[in-house]
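Here is a short tour of one model, written for someone who likes to know the cut-offs. Have a look at the structure, then read on.

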Amino acid sequence: MSPNAPHSAHPYAPALSEEVQEALAAHCPVVALESTIIAHGLPRPRNLQVAKELEELVRSSGAVPATIAVLDGRAHIGLDKARLERIAEDPAVRKLGHRDLAPALAAGASGATTVSATAFLAARAGLRVFATGGLGGVHRDWTATQDESADLRLLARTGITVVCAGVKSILDVPATLQRLETLGVGVLGYRTEHFPGFYLSSSGEPVDWTVHTPEEVAQVMQAGDALGGPAAALIVANPVPPKDQLDPALHDRVLAQALDACRERGIVGQAVTPFLLDQLMQHTGGASLEANLAAVRGNVALAARIALAWAAAERGTAGPKGASGR
Ligand code: PSU
Ligand code: MN
């Protein structure tokens, strides 16, 4: 069993939804979903539609969705309808990285969880697969600001498989890939030899390992476990389909303007990522939003398939090792 205590009476213990508890107990596939993208990454009211759509996508694939957030000082793993609505609609919902979790619980606050906080909570509850849009990483002006998302360090010490469309293209992608290497975080290109570029199908950077099926990802997870447990996360980098990507020339032009605007307005810290995502959306006539959503949908669908493949492999009903490998 996982080290979590779903029935723990402690008021600070995370609350697992009934559906998530049952799925974990039966070793059925569960997919963790983050909530910062809902509360701070997407415009209202579209964000609530998307939150519901992503959960539905997981369900229709045969897995249980576990959207993670903090409400009134309690971490929730799996949100009911009313809680999902609060995350999408309540303007008082904060943005919580993993370091913010304890203060938020103690203060009785409510907040959406970033990749770092979501992965932290999910892994401790025994979840193994997590889907998001794009990870945080090293910002382009790192030498001046030292702004590196807490996502990276947290993933370096958390055994969870994260399906994403790479790291957000507002970041310094080569520097982020270098940090992931230094931190020992595994990166698999999913049907690609290039690291995806979030809004773009490719960042132009190569990846060292490519897999082609969810079963292969499950094998990598099992191999990591067999080596003594995954000390670090496994990133499955799944590109947005080329037909859905943002026009690269438009992307580069608008991003340069957005980075200038961020600097001119002196925006720093947690506000940087939501600001840049919003600027891109406004100045691409919404095209960046559609590319972002296409990426997230693809990641959630793939994460569900990986969760199924992993649950099957763990049950020992998967085919012989390497049967689907290359
Ligand atoms: N993916 C998206 N949109 C988002 C995010 C990811 O498509 O808004 C969020 C994630 O929660 C990620 C956060 O952890 O952005 C990174 O923020 P920061 O750079 O402040 O760490
Ligand atoms: Mn940051």
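Arg-128 sits in the loop that links helix 6 (115–124) with strand 7 (129–131); helices (H or I, at least four residues) and strands (E, at least two) are DSSP runs numbered from the N terminus. This is a predicted model, where local features need pLDDT of at least 70, side-chain atom pairs count only at pLDDT 80 or more, and totals for chains, interfaces and linings use all residues. Residues are numbered from 1 along each chain as its sequence is written, chains are lettered from A and ligands numbered from 1 in the order written, and side-chain values use heavy atoms, leaving out hydrogens and water.

Is Arg-128 buried or exposed? Arg-128 counts as buried because its relative accessibility is 13% (buried is under 20% relative accessible area, exposed over 50%, partly exposed in between; 1.4 Å probe, protein chains only). Its side chain makes a polar contact with that of Asp-225 at 3.0 Å (a pair of N or O atoms within 3.5 Å; within protein, one must be able to donate a hydrogen and the other to accept it, and residues adjacent in sequence count only if both atoms are side-chain atoms).

## Around ligand 1

A backbone polar atom of Val-115 is 2.8 Å from an oxygen of ligand 1, and a polar side-chain atom of Asn-292 is 3.0 Å from a ligand oxygen. Helix 2 gives the most to the shell, with three residues.
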